[in-house]
Amino acid sequence: MCCGLSACLLLLHVSYFVHSCPLRNHWRKNLELKHLDQSPYTAYENIVTMGMVECEIRSSGKKMGIIERIKEIEAEMARTQKNKATEYHLGQLKAKIAKLRTQLLEPPKGSSGGGDGFEVTKFGHGRVALIGFPSVGKSTLLTMLTGTHSEAASYEFTTLTCIPGIIHYNDTKIQLLDLPGIIEGASEGKGRGRQVIAVAKSSDLVLMVLDASKSEGHRQILTKELEAVGLRLNKRPPQIYFRKKKTGGISFNSTLPLTHVDEKLCYQILHEYKIHNAEVLFREDATVDDLIDVIEGNRKYIKCVYVYNKIDVIGIDDVDKLARQPNSVVISCNLKLNLDRLLSKMWEEMGLVRVYTKPQGQQPDFSDPVVLSADRGGCSVEDFCNHIHRSLIKDVKYVLVWGISARHYPQHCGLSHALQDEDVVQIVKKKEKEEGGRGRFKSHSTAPARISDREKKAPLKT
Ligand SMILES: Nc1nc2c(ncn2[C@@H]2O[C@H](COP(=O)(O)OP(=O)(O)OP(=O)(O)O)[C@@H](O)[C@H]2O)c(=O)[nH]1
Ligand SMILES: [Mg+2]
């Protein structure tokens, strides 16, 4: 009875909502949704869905506003002449753009922040992302290097999602990700640019695939798109110490003469971020952009190799010119040219360190290395032990190291020793004396170690 009554009330409520809702006409007009004339239950479900769509529209409207403001500031910067008098104004404008770009990257309020990204589980010892314009040969390259089939065709946007493959190289497994092609404006959300760039951010190395027969400008456009979302390719973090404080104003110092930034400019940029108490120390002659990167604190410094594909369609002089550029490899997937050089360059840039373990009194195990890297936790003996097991570190006395990092074979090393590729390590554990044993020859009996500690036996009864 009670259930029937509440169902009737729900029906009445929904039909009222469907027929008198002020947003109804707006939705019908804007979204061309025709299902409002359906049953009240279906309509109720649709209203919930449309509410979400409405939120999305509002947030994308907000984002459009931000993009327009960025464009306006960029135009103002282009109009402003660069000289000593305008450098403070230009610095402030740069900070404004950086702030707006950060806002653009924030997920809309109320959403979980996940969005419909490409969720590919991390696998292997390193992750490499293929980034490039459509139809440059990314999928063909993935198929060549990993054997995983990814649809390749002569039309653009053949790949619409993220396709992972595994490269087996030097006893390690490297995950290679084929991604949809990105276009100019990807950082502002054009195409699936935002999701592609998010995958690039989660990688250890980016392979920027370029068409050797197309203009050199493509490389700059892609670099600009990646920089706009906080990716810094082949750069190291600026040597600027920055710490926010609660009181005490701004203290500005440098360890060398600065040519790009002075105290006044630094103050202005910090004020733009509403920071009035902070400590800033320049350890290198950094630029305004570097200072903004440090203040923003969300930049990702990532290595990038520029891969020029389709060299079979250009002349030898052009190939030579491209091959001489820094961090560049020229290849042809169709003719299988130079793919081994690409793999060795990838390996070099990823800086993976293979360490082989040697059990005491046995040969080293060369089949299954422990793979370390500076980007993923570090390459010291301590990192090596933690990689094997978290609890191992407290039992380690020292380690014996054979290989490039050792001065003589074997070298006794402590936890801070930096290991190098193909080192062999034997862990020597602390003697088990503390646990009640007797050095190497731990006694497994519970009998006391010294004669004097033994309990006296009762005299024999005669
Ligand atoms: N001449 C020449 N053509 C190539 C080479 N590698 C790939 N192609 C051709 O380029 C076209 C595009 O290749 P895809 O692998 O689909 O390119 P993609 O970058 O994955 O394209 P999207 O998925 O659309 O982003 C195909 O017709 C390939 O046959 C090459 O080395 N030389
Ligand atoms: Mg593709």
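Biologist: Thanks! Which residue in S15 is the bridge partner of Tyr 356?

Modeller: Val 424 is the bridge partner of Tyr 356. Do keep in mind that this is a predicted model.

Biologist: What makes S11 and S15 a pair?

Modeller: Two strands pair if at least two bridges are found between them. Strand S11 (residues 352–357) and strand S15 (residues 423–429) have 3 bridges, in the parallel sense, so they pass that cut-off.

Biologist: Why are S12 and S14 called edge strands?

Modeller: The sheet is open and has 5 strands, in the order S12-S11-S15-S13-S14, with mixed pairing. Strand S12 (370–373) and strand S14 (411–413) each pair on one side only. On average, neighbouring strands in this sheet are turned by 35° against each other, direction ignored.

Biologist: What packs on that sheet?

Modeller: Helix H12 (residues 381–388) does, touching S11, S12, S13, S14 and S15. The direction of H12 makes about 130° with that of S12.

Biologist: How do you describe the packing of H8 and H9?

Modeller: Two packed helices are described by the angle between their axes and the distance between the axes. For helix H8 (residues 263–272) and helix H9 (residues 288–296), the axes come within 11 Å and cross at roughly 40°. That crossing is right-handed.

Biologist: What makes the contact of H8 with H9 nonpolar by class?

Modeller: Leu 265, Cys 266 and Ile 269 in H8 meet Val 288, Leu 291 and Ile 292 in H9. Val, Leu, Ile and Cys count as nonpolar, so the tally is 6 nonpolar, no polar and no charged residues.

Biologist: Which residues of H4 and H9 meet?

Modeller: Gly 91, Lys 94, Ala 95, Ala 98 and Thr 102 in H4 meet Val 288, Asp 289, Ile 292 and Glu 296 in H9. This contact divides into 4 nonpolar, 2 polar and 3 charged residues. Lys, Asp and Glu count as charged, and Gly counts as polar.

Biologist: What surrounds ligand 1?

Modeller: The shell around ligand 1 has 24 residues, and among the closest are Gly 137, Ser 139 and Thr 159. By class, the shell has 8 nonpolar, 12 polar and 4 charged residues. Helix H5 (residues 138–146) gives the most to this shell, with 3 residues.

How values were computed. Residues are numbered from 1 along each chain as its sequence is written. Chains are lettered from A and ligands numbered from 1 in the order in which they are written. This is a predicted model: local features need pLDDT of at least 70, side-chain atom pairs count only at pLDDT 80 or more; totals for chains, interfaces and linings use all residues. Axes are lines fitted to C-alpha atoms, for helices over the stretch in contact, and angles run from 0 to 180 degrees between N-to-C directions. Helices (H or I, at least four residues) and strands (E, at least two) are DSSP runs, numbered from the N terminus. A crossing is left-handed if the near helix is turned anticlockwise from the far one by less than a right angle, and right-handed if clockwise. Two residues are in contact if their C-beta atoms, placed from the backbone, lie within 7 Å. A residue is near a molecule or strand if its C-beta atom, placed from the backbone, lies within 6 Å of it.
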